[in-house]
Structures are given as structure tokens and as C-alpha cells.
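Have a look at the structure first, then read on.

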Amino acid sequence: MRRFLCCVILLVSVICFPLSVSADNQAETEVSAAAYVVMDAATRSVIYESNAHEKLPMASTTKIMSTLICLESGDLDSEFTVDSDAIHIEGSSMGLVDGDIVTKRALCYGMLLPSGNDAAGAVAVRIAGSYSNFANLMNERAKSIGMENTHFVTPSGLHDDNHYSTAYDMGILTAQALRNDDFREICCKESAKVTFGNPPFERWLKNTNKLLASCEGVIGVKTGFTDEAGRCLVSACTRDDVTLICVTLNDKNDWNDHSQLYNLAFSSITAKHADMPEDIKLPVAGGEKSSVNLYAKNDVVYGETETSGSDVRWEIEAAPMLYAPVKADSIGGYLVHYCGEFEISRQPLYAANNVSYCESKDENKNAFEKISEKLREFFS
């Protein structure tokens, strides 16, 4: 009888007071999500995760990809009339009606803030002509990013059995999207004034992401919900120059889970500054000086835990030489940082000073001889 009572007490304790799980990379806090991941936005290094590679529906967080493709397509501010069939779609809306005149930029606000399914439909048809063609673009872009367990069917995230992703894949998608300045600017706004209509007029759109106002340092990114997917949330948070990404799929307590995970994750990482090249020089052909110094304007900062290091390296992409005249602060190449196989940062290298054109004293020398001479001077 005593043994039976002990078993009953133990069972009640487990049911009423679930244990917090602490594994190698599971958070030391209870998370109600079916799957989650916390990763460094720069290096994609995983800090905490559970079921991060399990394929699950991701609802309107899909619009991160739709918005990224739209922003990368260019011509963001030209006006056009929305396709009527594309905007008649169930669910959340930015308020488009037949005949509305919009821009791609306005549709991006409509996707990321009020999570407009009508905006996603309008983008898909404008860019690719149909939902299916746009899905092909989404899947091609996903493959290029490294999303190995994702398949897109709809631009909005409405449920389809063949439309799925993983917490990890949505994390690396967000890391890529945040490198786009337009995306980063849009997703961080609690509300924004956007112009569309027939004729176009200004109106306010409100962001569905409550974390922007409730969690320190949050800069986005996207909410999602369907009956099949449950509550889905992708967010990003910057503290002490380090940006982390958190993804929860099918999470009834997502606002609180993200806040707790960020507090825990930021307390366990150290901000690291990536190595930067020193004394970068590039030969200058036909100039009064044989070379010019190049410099980068920004540091590359990432988060690192005590148990995991990141293999961050840099490469310089530039032509073999520049040709005089060279203006100070003109772009002479690019500094690219990698973590493993992933490109994590790409920034211009600027000329540190002017280099004027200089006529050769020997006018009989051909161009090849002049360049060769300059190269010899530089490398000597």
C-alpha cells in the first residue's frame, strides 16, 4: 500500500509540476513548443533547440520568404494594379480590394505587419504570374540558403499537407532575410504608414508581433497561426551588438517562451568580434601612387558559448588592380566573412585616399608594360 501511494504521489508530481529539461543544447527552462531553436544570427550556430529538424507546418511565418523574394526582385516603388483573383483569399488581410494601386514595397509591409494573405497573393502573381510559379521561386531560394527540410506551396502559409519547414530552417531563412536592409527596416516597426488604394491614400498598418513592445531588444520578425500549425513565431533580438534568432512552432505560450529563451541565451553567450584584415592594399595602374589602402567600416560581431566555438574566417573579393584615378571612399572590393560554408557578412572596402592619374614618362611603353611596371613597384 505504501509503495502504491509513493507511485501515485510521483505520478501526480510529474503531471502537475513538469521537469525543466537540461541537455547539451536544450534550454534550462520549460518551453511549450513542439519544436524550437535559438541561434546566432551571424554564424547560424545553435544555442538551444528541441526537435529543431522536425518537419512541421509554419503558417504565416512563410511570409518571411515571400517578402525576401519580393525585396530581392527590385523595382519596389513602381505602382501597379493588383490582380483581382490574387487578393481574394481567406484569412488575415492588409485590406486590398479590386482595382487597388500598390507598390511592391507596400505589399512587403502588408505581409510582415498585419500578415496580409492578400498581400502575399498579390506579390506572387506580380512576380511570377501564378502561385505555383512563385512557389518554385521560393523552393529554389530555400535550397540556395541551405533549407534542406522545407517545401513551400503557398505564398501566405495557408495550410497544405505539402507545405512545411523546420524550426532550424526557418532560423537560417531569417538570418538571411535580416541581411537585407529593407527587410530589417520593415519587420522591426510596430506600425507603419503605407500608401495604396484607388486612388492611393495613406493608412496605418499595425504589426501583429507583440514582442516588439514587450521584450528588450526585439527587432522582428513574423507571427503565424493556422488550426493545423498552431501558434508559430519567428523573432530576432539584439543585445550588446549580438543578434539572436528564436523560432517556435506550435507553441501555445510563444510570447513568454521567446522572452525566457532570450534572457537565458544572452546570459550564456559572449560577444565576439571577428578577425579583420589589416593594411589592405590594392595595386593602382596609371596612378601617381602604385597602390591604395582599403578599409571596412563595420565590425562583424557574433555570439559564442563557452562550449562551442565558431570557425569564422574572412576573404577579400577584388579585381587584381584598380585604375587611376581612384577617389577616396570609392568601393575597391568587398570583405566577406564566412562561418563554415555560410557567408555571414559582406561589406564594401573603401579607398582610404585619392590616387590621381599620372602620365608615364615613357610614352612609347604600351599599356601592358605600364601595368607590369606598376605591379613590380608594388610587390617590391
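How many nonpolar, polar and charged residues does the lining of the largest pocket have?

1. By class, that lining has 10 nonpolar, seven polar and eight charged residues. The pocket itself holds about 750 Å³ of space. If you want to find its centre, head for Leu178, Arg179, Arg184, Ile344 and Ser345, which are the closest to it of the 25 lining residues.

2. Now for the elements around that pocket. Those giving two or more residues to the lining are helices H2 (63-72), H7 (167-177) and H8 (181-187), plus strands S9 (242-249), S13 (301-305) and S17 (342-351). S17 provides the largest share, with four residues.

3. Keep in mind that this is a predicted model. The mean pLDDT of the protein is 89, and 86% of the residues reach 70 or more. Residues 1-23 are a stretch to read with that in mind: their pLDDT is below 50, and the model gives this stretch 10 contacts beyond near neighbours in sequence.

4. Cys215 is in none, and its nearest cysteine sulfur, that of Cys237, sits 4.9 Å away.

5. Cys246 is in no disulfide either, with the sulfur of Cys215 as its nearest at 9.2 Å. Cys246 is buried too, and its relative accessible area is 0%.

Key:
Residues numbered from 1 in each chain as written. Predicted model: local features only at pLDDT ≥ 70, side-chain atom pairs only at ≥ 80, totals over all residues. Heavy atoms only, no water. 1 Å grid on protein atoms, 1.4 Å probe; cavity = no way out; pocket = protein on both sides within 12 Å on 5 of 7 lines; lining within 4 Å. Points joined across faces, edges and corners; volume = space filled by probe spheres on them. Nonpolar A, V, L, I, M, F, W, Y, C, P; charged D, E, K, R; others polar. pLDDT = per-residue confidence, 0-100. Contact = heavy atoms within 4.5 Å. Disulfide = S-S within 2.5 Å. Buried < 20%, exposed > 50% of the residue type's maximum accessible area, 1.4 Å probe, protein only.
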